[in-house]
Amino acid sequence: MNFDGKYMLEVFPTLLKYLPLTLVMAVVAMIFAIAIGLLLALVTKNRVPVLYQLANVYISFFRATPTLVQLFLIYYGLPQLFPSFSAMNALTAAIIGLSIKNSAYLAEIFRAALDSVDNGQLEACLAVGMTKAQAYRRIILPQAARNAIPASGNTFIGLVKETSLAFTLGVAELFAQGKMMASASLKFFEIYLAVAIVYWALTIVYSLLQEWLEKRLSKPYKN
């Protein structure tokens, strides 16, 4: 068996230099995805006229089309329609694409989380003089957020892995560097296994952080 374990260990320091860019893409895209997803969830939950129909089309389209197609539409397609987008760099396009894609999934997660909070709580808030916005901010959203964390965490893990598609736009992130190193050394198995281990380690670390957060947020609800 032609496997160079020593070489695989030696490439980790080089690969890890590109980890910060992968994390930045994932975290920034997740922040925007959460903001957009929450807005869409509130629109669909409250069935805001016109916006409700538009939100459903948005969610349906971006959940149904491949991430790679969306990235290409944004990076290569938008400048064709709007020349001002020609100045957009590959990193920005990747973040926009990943944000839009995952916001569609988060919208459904957040809507389900909002639905899990009993409607009687909203009615009680309105009965004591709160506005609907105050009720959502102080009572509904905190409970919905707790219920949405597990599924949102899975979405973030998927998002971290989807950052590997940014290399198709020319972004030199973790997977792109691994691909270049594999092509140069011809040690494909060793390099790609090392890349896989880095993604695996990221997932384990995040899963532990999520578990800690879930337990912390669950304390007020335990007897």
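UniProt positions are given here in the numbering of this structure, and an annotation may be inferred rather than shown by experiment. With that in mind, an unreviewed UniProt entry lists residues 19–210 as "domain: ABC transmembrane type-1". The model worked on below is predicted.

**Exercise 1. Describe the overall build of the protein chain.**

Solution. 
Step 1. Count the elements. The protein chain has nine helices and zero strands.
Step 2. Read along the sequence. The pattern is α-α-α-α-α-α-α-α-α.
Step 3. Take the extent. The C-alpha trace spans about 70 × 55 × 25 Å along its principal axes.
Step 4. Check burial. Of the 223 residues, 38% count as buried.

**Exercise 2. Compare the record's spans with the model.**

Solution. 
Step 1. Start with the domain, residues 19–210 in the unreviewed UniProt entry. This span is 82% helix and 0% strand, and its end C-alpha atoms lie 20 Å apart.
Step 2. Turn to "transmembrane region". The unreviewed UniProt entry gives this annotation to residues 20–43, 55–75, 81–100 and 189–209.
Step 3. Take residues 55–75. They are 90% helix and 0% strand, with 23 Å between the end C-alpha atoms.
Step 4. Take residues 189–209. Here the chain is 100% helix and 0% strand, and the end C-alpha atoms are 30 Å apart.

**Exercise 3. Classify the aromatic pair of Y58 and F62, then that of F72 and Y76.**

Solution. 
Step 1. Know what to look for. A pair of aromatic rings is described by the distance of the centres and the angle of the planes.
Step 2. The structure holds ten aromatic pairs.
Step 3. Take Y58 and F62. Their ring centres are 4.8 Å apart, and the planes make an angle of 55°. Planes over 60 degrees apart would be edge-to-face and planes under 30 degrees apart stacked, so the rest count as tilted. The pair of Y58 and F62 is tilted.
Step 4. Y58 and F62 are four residues apart in helix α3 (residues 51–64), so about one helical turn separates them.
Step 5. Check accessibility. The cut-off for buried is under 20% relative accessible area. Y58, at 22%, is therefore partly exposed. F62, at 17%, is therefore buried.
Step 6. Take F72 and Y76. The centres are 5.2 Å apart and the planes 80° apart, an edge-to-face pair.
Step 7. F72 and Y76 lie four residues apart in helix α4 (residues 67–81), about one turn of the helix. F72 is partly exposed at 34%. Y76 is partly exposed at 45%.

**Exercise 4. Find a ring cluster, and a lysine over a ring.**

Solution. 
Step 1. Follow the ring pairs. They link F167, F175, F188 and Y192 into a cluster.
Step 2. Look at Y7. K187 lies over the face of its ring, 5.6 Å from the ring centre.

**Exercise 5. Which residues and helices line the largest pocket?**

Solution. 
Step 1. Recall the idea. Rolling a probe the size of a water molecule over the atoms shows where empty space is left.
Step 2. Take the volume. The largest pocket has about 580 Å³.
Step 3. Name the residues at its middle. Among the 26 lining residues, M30, I34, S152, F156 and Y206 are the closest to the centre.
Step 4. Assign helices. α2 (19–46), α5 (90–115), α7 (132–162) and α9 (188–218) each supply at least two lining residues. The largest share, ten residues, comes from α7.
Step 5. Sort by type. The lining has 22 nonpolar residues, four polar and no charged.

**Exercise 6. How many residues apart along the chain are V28 and L98, and what separates their C-alpha atoms?**

Solution. 
Step 1. Compare sequence with space. V28 and L98 are 70 residues apart along the chain, and 9.5 Å separates their C-alpha atoms.

How values were computed: Residues are numbered from 1 along each chain as its sequence is written. This is a predicted model: local features need pLDDT of at least 70, side-chain atom pairs count only at pLDDT 80 or more; totals for chains, interfaces and linings use all residues. Side-chain values use heavy atoms; hydrogens and water are left out. Rings of Phe, Tyr and Trp (its six-membered ring) pair if their centres lie within 6.5 Å; planes under 30 degrees apart count as stacked, over 60 as edge-to-face and the rest as tilted. Buried means under 20% relative accessible area, exposed over 50%, partly exposed in between (1.4 Å probe, protein chains only). A charge sits over a ring if NZ of Lys or CZ of Arg is within 6 Å of the ring centre and within 35 degrees of the ring normal. On a 1 Å grid over the protein atoms alone, a cavity is a set of points where a 1.4 Å probe fits but cannot get out, and a pocket is an open set with protein on both sides within 12 Å along at least five of seven lines; lining residues have an atom within 4 Å of a point. Grid points are joined across faces, edges and corners, and a volume is the space filled by probe spheres set on the points. Ala, Val, Leu, Ile, Met, Phe, Trp, Tyr, Cys and Pro count as nonpolar, Asp, Glu, Lys and Arg as charged, and the others, Gly among them, as polar.
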